[in-house]
Amino acid sequence: MDPKRCALPGCDEVIEDIPGRPARRYCTAAHRSAARQARRAAVQASQDQQLLATLPWLSESDAERGPSADPGTSEGAGPAARPAVPAQRRGPRTEGA
């Protein structure tokens, strides 16, 4: 039987099974984390492509869009900037509240 190797592409480390423990796919926690990040990035990229296919204006640059078509703004002025809203601050929690 062939020895089991790390599932991370480019790593040829042999993985030994420990009796009574679940089978491992990666040689280290770092390789497991790297594989997880790569899977998440691939899913995110495919979701981004689906989103762009559904909402094509998201891929247009500002130059391609031309002047603003908002009725409340002047020609080419773009939307008015909104002032920053400060975060609400709360006091410390009290017992029984």
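**Group meeting: a first look at the model**

Good morning. In this protein, residues 24 or more positions apart account for 6% of the contacts with a separation of 6 or more, a contact being heavy atoms within 4.5 Å. The structure is a predicted model, in which local features need pLDDT of at least 70, side-chain atom pairs count only at pLDDT 80 or more, and totals for chains, interfaces and linings use all residues. Residues are numbered from 1 along each chain as its sequence is written, and side-chain values use heavy atoms, with hydrogens and water left out.

Along the sequence, the pattern reads β-β-α-α, with two helices and two strands; these are DSSP runs numbered from the N terminus (helices H or I, at least four residues; strands E, at least two).

Let me turn to the interior. Of the 97 residues, 8% are buried, where buried means under 20% relative accessible area, exposed over 50%, and partly exposed in between (1.4 Å probe, protein chains only). The largest nonpolar core consists of seven residues, including Ile15, Tyr26 and Cys27; such a core is a set of buried Ala, Val, Leu, Ile, Met, Phe, Trp, Tyr and Cys residues joined through side-chain atoms within 4.5 Å.

Why is Ile15 classed as buried? Its relative accessibility is 4%, and therefore Ile15 counts as buried. Ile15 belongs to strand S2, residues 14–15. Its C-alpha atom is 5.9 Å from that of Cys27, twelve residues away along the chain. Leaving aside neighbours within four places in sequence, Tyr26 contacts several residues, among them Cys6, Ile15 and Ala35.

Finally, Leu51 in helix H1, residues 29–54, counts as partly exposed because its relative accessibility is 42%. Thank you.
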